[in-house]
Number of protein chains: 2
Amino acid sequence: MNAAAAKSRPRYEARARIAKALAHPSRLLMLDALQKREHCVCELTALVGADQSTVSKHLAILKQAGIVVDRKEGPLTFYRIKVCCLADFWRCIETVLKENLRTQQAAFGG
Amino acid sequence: MNAAAAKSRPRYEARARIAKALAHPSRLLMLDALQKREHCVCELTALVGADQSTVSKHLAILKQAGIVVDRKEGPLTFYRIKVCCLADFWRCIETVLKENLRTQQAAFGG
DNA sequence: TGGCGATATGGTAATTATGCCATAGGATGC
DNA sequence: GCATCCTATGGCATAATTACCATATCGCCA
């Protein structure tokens, strides 16, 4: 590896940790719901349709990545989005998907 | 799972596939290099400092996700970025990292 | 055609991620 | 205190990811 690349390696590892937290369909589904308003774990569990412990672990991953924060209210734990930049992320992903669709259509059409 | 959530599930899986392709330090490093100009596999192999076959597989993942495209020129294969939206992705990731740093500092400072 | 450099692919082992079950812990209400 | 609801965690089995080695493939040139 490059000297420069070796030096910047931790930087890319940090970035990858964030990206990895975003790289699961259930977590993306929950983030979309949280975009509108905060939700408790029970609501998100119903939404995702997985075991409650599974959802709890997904939320722990998002929290550890710094993407969401939680707030206890009585027996409930509410999660909400912490960062304001997810729109950028969505836009990027959607652009790739649209472009892929376009490429595919071009391949079939031509 | 919600009926609505079940219906939108494939959508989130497609999104997650893109995000997953972006969720590896070596791939992020290569994408940063490719942002400036196209590179052949041998250049990227030197940059990353992994086995050539490993780098080739990373590039296949990026290509399959529709993030890069390749171009053969003689014995070389050049890769370049296909989508124009990666700046959005970087911005999102960097915002999270900065916010995490800020949170950490606030925790220590307060 | 034979050899060489560049790249891709198959195989395999190690690590990591994921999901569910069981269960612990905390809050609430009786 | 006790039962109940909500959430988090430990344990475990399975699946996915990753990296390397070996090797196949392709283009090029002598």
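Residues are numbered from 1 along each chain as its sequence is written, while chains are lettered from A and ligands numbered from 1 in the order in which they are written. The model is predicted, with local features needing pLDDT of at least 70, side-chain atom pairs counting only at pLDDT 80 or more, and totals for chains, interfaces and linings using all residues; side-chain values use heavy atoms, with hydrogens and water left out.

Let's start with how the two chains relate.

Helices (H or I, at least four residues) and strands (E, at least two) are DSSP runs, numbered from the N terminus, and two strands pair if DSSP finds at least two bridges between them. Three strands make an open antiparallel sheet in the order β1-β3-β2 of chain A. At its edges stand β1 (39-40) and β2 (68-73) of chain A, each with a single partner strand, so one side of each has no neighbour in the sheet. β1(A) pairs with β3(A), residues 76-81, over 2 bridges, and His39(A) has Tyr79(A) as its bridge partner. Packed on this sheet is α2(A), which touches β1, β2 and β3 of chain A and makes about 85° with the direction of β3(A). Contact here means heavy atoms within 4.5 Å; axes are lines fitted to C-alpha atoms, for helices over the stretch in contact, with angles from 0 to 180 degrees between N-to-C directions.

So, is α2(A) largely enclosed or open? Of its 12 residues, 10 are buried, so the rest of the structure largely encloses α2(A). Buried means under 20% relative accessible area, exposed over 50%, and partly exposed in between, with a 1.4 Å probe and protein chains only. Among the buried ones are Arg27(A), Asp32(A) and Leu34(A).

Over in chain B, β2(B) and β3(B) pair in the antiparallel sense over 6 bridges. Arg71(B) is opposite Phe78(B), and Lys72(B) has Thr77(B) as its bridge partner. Their hairpin has 2 residues between the strands, and there Gly74(B) takes a positive phi near 60°. Lying across β2 and β3 of chain B is α4(B), at about 120° to β2(B). Ala60(B) belongs to that helix, residues 52-64, and counts as partly exposed at 40% relative accessibility.

Last stop, the core. A nonpolar core is a set of buried Ala, Val, Leu, Ile, Met, Phe, Trp, Tyr and Cys residues joined through side-chain atoms within 4.5 Å. Which residues touch the most other members of the largest one? Out of 68 residues, they are Ile67, Leu86 and Phe89 of chain A, and Ile67, Leu86 and Phe89 of chain B. Leaving aside residues up to four places away in sequence, Phe89(B) touches Ala19(A), Asp88(A), Phe89(A) and Cys92(A), along with Leu22(B) and Leu28(B). Thanks, everyone!
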